Amino acid sequence: MTPTRESRQAVFRHIARRSRTDWPTYDSTALYDRTSLGGLESDVRIVSTQWFRHDAHNSVEQFVCSLPLAYFRFEAHDQYTSSTRYGMDTLFRLFVLKQLHGWEHETVLAEYLDSSPVLRECLGIESVPDQSTLWRSWHNRFTPDLRETVATAARTILIKAQNAGVEVPRPPEQKLPQRDMDAEESYPDNQTVLEQAEPVTDHISRVVFPAFSLDRGDGCEIHENAYWDLQTYLGLRERLAANEGARSFIHESTRDRTPLGHAHREHIRDLSIGQVREMYRQAVDRLLGEVTETEQFFRAGIVAIDITEADPFTGDRTGHEDEIIGTKEKTDEYAYQWATVQLVGNAIPIVLDARPVRRGESRKEIVEDLLNSAEELVHVDNVLMDREFDSQHVLEMISQRGLSYVVPKRMQTSERAQAKRFLRRDDDRYETDRKLHLGNNEWHETTLIYRRKENAEHDDHRQFSVFMSNHGGSFLTEYAYRWEIESGYRSIKRFMAATTSKDFGLRFFYFAFACLLYSIWRAVDALVQVSVTGEYDRSPLVTAENTLTLLKKETGIG
């Protein structure tokens, strides 16, 4: 189908409504201006992601014609000084088209345009440039960096179209660093891993960190990046608090001016929890944009939602009873709690969103909030949760979204009785349908799956676990992926700065920033694995310490 005025409006209206998507990119962050090729690449990624999701948009060539380029200043990358017949924006579209088809020579492009009057009209060219004009424009007029951006843009378009089920002229090639094919194939040593990881870490941190802003106004003597450098530094040292860390940071940083600990905390406390979440989600959106360039190694679809808690709080919590709440184990201890949604399974285990947990919030509110974020960032099929989310209203909400779920069920009297019968019959597994009452004569239909534990320590009904799923037992094997979120929490807490403050916003920021460092680590590891082994495995090749060391160098600490 041909794009219509209405279909274009729908795409850009959706982009404009995404609060964490800055488009056009150029004036939204100090990282880019209107001549920045990185900004142009970001815009291609943002627009193409949404463009191909529309039913009327099923042609990569139509996208090339429709991509807005008026915001970008091509003259900074034009090596010609005299006036020319063809504008840089038109030539950019033509060479992206050439890259999409994988044509090596300009002659093929010229012949294709000559035989495609509809495409010429779409591109707005009355006459086809000849082969020599195209050759000179590519080799003499375009800068090497602009030629690289053309290739990046074409590859992004191919990936986004392919992900949306749109037919593409050719499959996108892998975007991997060159490997020495003459070298003996062997497991990479630590030095090789670090050499591969350094440029990846450098690039990703430059893309991700600009999503954070303190909104301090102009004229400040200490650059804002110094605050994020300090926060990263606090995460590099285990259990390091802001005051002590700021004193050490003065000596280890290469910056002339660095923030004091109390000033750093004050600026962080000025951020609302809503602002922190928006910055976090924007940073993750940028991070995913980098990782999905290796689409065949990014297998989204399964997310895990869970709640973790800080160390037990032993001080006076007067005035903070709604924030320092009971522990998940229902002991007499109190702790701060944070909820996350994370990619699991064969996907790169990136934390998509994080939020605090307050007293009085229902599990349904928490799950719905996190799923809203996750589904804006990635494609979600299946949701894994712990038994604390064993609620028919939570399960009904997930089903209403068209998603599947796997959740352990608390064993009540009827489940214990069933498990005893299965034990007597020596059954290892059994499925049965169950209706859960929602109220007002409404029911949620689910399937109970009884499964005997291997090497169970009990000899009674406790040998069995009971799970609920709205797609039967076929997804039960995926529940094993949920352990990754628990191991992830251990690493995240390793990246957290220490504090004794009871300020809820400060506590949450420390947790969210630790989630970001963890996600950067896993993204860097995935990209390095692909570059040195040609495939991705969930077991990290790059250690957390490797990544933190490289982040130290990137932030001017090392």
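**A strand enclosed on both faces, and its surroundings**

Both faces of strand β10 are covered. Phe-464, Val-466 and Met-468 are buried on one side, and Ser-465, Phe-467 and Ser-469 are buried on the other. Here, buried means under 20% relative accessible area, exposed means over 50%, and partly exposed lies in between, with a 1.4 Å probe and protein chains only. Since 6 of the 6 residues of β10 are buried, the strand is largely enclosed by the rest of the structure. Strands (E, at least two residues) and helices (H or I, at least four) are DSSP runs, numbered from the N terminus.

The model is predicted: local features need pLDDT of at least 70, side-chain atom pairs count only at pLDDT 80 or more, and totals for chains, interfaces and linings use all residues. Residues are numbered from 1 along each chain as its sequence is written, and side-chain values use heavy atoms, with hydrogens and water left out. The pLDDT is the predictor's confidence in each residue, from 0 to 100. Its mean over the protein chain is 82, and 87% of the residues reach 70 or more. Over residues 175–186 the pLDDT is below 50. Beyond near neighbours in sequence, this stretch has 14 contacts in the model. A contact means heavy atoms within 4.5 Å.

Two strands pair if DSSP finds at least two bridges between them. β9 and β10 pair in the antiparallel sense over 6 bridges. Arg-452 stands opposite Phe-464 of β10. Thr-447 has Ser-469 in β10 as its bridge partner. Strand β7 (residues 404–408) is joined to β10 by 3 bridges, and these two strands also run antiparallel. Val-407 has Met-468 as its bridge partner in β10.

β8 and β9 also pair in the antiparallel sense, over 10 bridges. Asn-440 lies in the loop between β8 and β9. Its phi is near 55°, a positive value in a residue other than glycine. Most residues other than glycine have a negative phi. Asn-440 is exposed, with a relative accessible area of 76%.

Which residues of α16 are buried? They are Glu-415, Gln-418, Ala-419 and Phe-422. These residues cover an arc of only 100° around the axis, so they lie on the same side of α16. The arc is that of the directions from the helix axis to the C-beta atoms. An α-helix has 3.6 residues a turn, so residues three or four places apart point the same way. On the other side of α16, Thr-413 and Arg-424 are exposed. The cover over the buried residues of α16 includes β8 (429–439), β9 (442–452) and β10 (464–469).

Asp-426 follows α16 and lies in the loop between α16 and β8. Its phi is near 60°, again a positive value in a residue other than glycine. Asp-426 is exposed, with a relative accessible area of 54%.

The nonpolar cores were examined next. A nonpolar core is a set of buried Ala, Val, Leu, Ile, Met, Phe, Trp, Tyr and Cys residues joined through side-chain atoms within 4.5 Å. The largest has 116 residues. Leu-352, Met-385 and Ile-398 have the most contacts inside it. Helix α18 (residues 504–533) gives the most to this core, with 22 residues. Another core, of 44 residues, lies apart from it and has Ile-15, Leu-100, Leu-134 and Ala-154 among its members. In soluble globular proteins, nonpolar side chains tend to be buried together.

Tyr-510 is placed in helix α18. It is buried, with a relative accessible area of 1%. Beyond its neighbours within four places in sequence, Tyr-510 is in contact with residues including Gln-231, Leu-234, Arg-265 and Met-496. Tyr-510 and Lys-493 are 17 residues apart in sequence and 9.5 Å apart in space, C-alpha to C-alpha.
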